[in-house]
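Let's take a walk through a protein model together. Keep the sequence and the 3D view side by side, and follow along as each part comes up.

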Amino acid sequence: MSRRGQLDLVVVGAGVVGSAAALAAARDGLRVALVEAHTPPPWSADAPDLRVYAFAPDNQALLEDLGAWAPVRAARAHPYRRMRVWDAAGGGELDFNADALGRGHLGHIVEHSLLVDRLWAACGREPHLQRHCPDTLQAIEQDADGVTAVLASGQRLRAKLLLGADGAASAVRGLVDGDGLAALPADRSAGVAAGGRASQLHRLDLARRRGGTRTGAGRRRIQS
Ligand SMILES: Cc1cc2nc3c(=O)[nH]c(=O)nc-3n(C[C@H](O)[C@H](O)[C@H](O)COP(=O)(O)OP(=O)(O)OC[C@H]3O[C@@H](n4cnc5c(N)ncnc54)[C@H](O)[C@@H]3O)c2cc1C
């Protein structure tokens, strides 16, 4: 249990990574603060998001553990039965087929905005999780006992650990000093292109994934 007034974890950014991490930690009994700059817009069935994920069963199982899969599934998630994976730079390709694996489907196609919306809502139901939104991380102070996240609102969140999940232009990354730490291996980037518009998900059973690499960001040490 935390010391009085101190959180276990501050998560910066409530995209899919930050909200899922915050939710998992809170459901494990940790006291968590989730800081997000913008309130996620409510998902609307009438405005399909073209940014989609091809979920494998283990992704689904994770969301089930977090209590977030049922609300996603109830809204819109379409099973896919085949997946072709190829390298953007050329080379071979892989072709997965549910029939060949003796399965009904390989996974589900899920819209990004729906996932963010439902994870955000699930975070709001967690008693151990406090959401700070709209607010942004301005500074990080670290000492031997923990870390303090200083927010634009002036609020100071004291925790044992701070997790940066604030996307590609990460403020957390910008605030830390990388001296003495090795760079991460190159980032993996991948996109899933639906074989049609997301509005046609009900007709889609083929997910196509193009893989590639790009230069990654270095792992950094948080410094006061
Ligand atoms: C156009 C597009 C299409 C994509 N298509 C696919 C796809 O088909 N399949 C796939 O697997 N992936 C796809 N991706 C990649 C995928 O969306 C990202 O990998 C994923 O969204 C990353 O999630 P995240 O939570 O790390 O970051 P983000 O989604 O970027 O979330 C970061 C959050 O942090 C918040 N934030 C930022 N700075 C601060 C701050 N200082 N204080 C507080 N909050 C802050 C932001 O408001 C945001 O909500 C696509 C990405 C894009 C842009």
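The names need a word: helices (H or I, at least four residues) and strands (E, at least two) are DSSP runs, numbered from the N terminus. What you are looking at is a predicted model, in which local features need pLDDT of at least 70 and side-chain atom pairs count only at pLDDT 80 or more, while totals for chains, interfaces and linings use all residues. Residues are numbered from 1 along each chain as its sequence is written, and side-chain values use heavy atoms, with hydrogens and water left out.

Valine 12 and glycine 164 lead us to two strands: E1 and strand E11 (residues 156-164) run parallel and are joined by 5 bridges. Two strands count as paired if DSSP finds at least two bridges between them. E1 and E11 belong to an open sheet of 6 strands with mixed pairing, in the order E8-E2-E1-E11-E10-E9. Why is one side of strand E8 (129-132) and of strand E9 (137-143) left without a neighbour in the sheet? Both stand at the edges, so each has a single partner strand. Neighbouring strands here are turned by 40° against each other on average, direction ignored. For such angles, axes are lines fitted to C-alpha atoms, for helices over the stretch in contact, and angles run from 0 to 180 degrees between N-to-C directions.

Now look for the helices beside this sheet. Helix H1 (residues 16-27) lies across E1, strand E2 (32-35), E8 and E11, and runs at about 165° to E2. H4 packs on the sheet too, touching E2 and E8, with its direction at about 120° to that of E8. Contact here means heavy atoms within 4.5 Å.

Is glutamine 6 buried or exposed? Its relative accessibility is 5%, so glutamine 6 counts as buried; the cut-offs are under 20% relative accessible area for buried, over 50% for exposed, and partly exposed in between (1.4 Å probe, protein chains only). Leaving aside neighbours within four places in sequence, glutamine 6 is in contact with Arg31, Asp145, Arg158, Ala159 and Lys160.

Let's move to another sheet. This one is open, has 3 strands in the order E3-E7-E4, and uses antiparallel pairing. Strand E3 (52-55) and strand E4 (77-80) stand at its edges with a single partner strand each, so one side of each lacks a neighbour in the sheet. On average, neighbouring strands of this sheet are turned by 25° against each other, direction ignored. E4 pairs with strand E7 (residues 107-111) over 4 bridges in the antiparallel sense, and tyrosine 80 stands opposite glycine 107 in E7. Helix H2 (residues 57-65) packs on the sheet, touching E3 and E7, and its direction makes about 100° with that of E3. Helix H4 (residues 112-124) also touches E3 and E7 as it packs on the sheet, at about 85° to the direction of E7.

E3 and E7 pair in the antiparallel sense over 4 bridges as well. Which residue in E7 is the bridge partner of phenylalanine 55? That residue is histidine 108, and histidine 108 is also the bridge partner of proline 79. Strand E7 is largely enclosed by the rest of the structure, because 5 of its 5 residues are buried.

Next come the rings. A pair of aromatic rings is described by the distance of the centres and the angle of the planes. Rings of Phe, Tyr and Trp (its six-membered ring) pair if their centres lie within 6.5 Å; planes under 30 degrees apart count as stacked, over 60 as edge-to-face and the rest as tilted. There are 2 aromatic pairs in the structure. One of them joins tyrosine 53 and phenylalanine 55 in a tilted arrangement, 6.4 Å centre to centre with 35° between the planes. Tyrosine 53 is partly exposed at 25% relative accessible area, whereas phenylalanine 55 is buried at 8%. Together with Trp69, Tyr53 and Phe55 form one aromatic cluster.

Finally, find tryptophan 120: the charged end of arginine 131 sits over its ring, 4.4 Å from the centre. The cut-offs for this are NZ of Lys or CZ of Arg within 6 Å of the ring centre and within 35 degrees of the ring normal.
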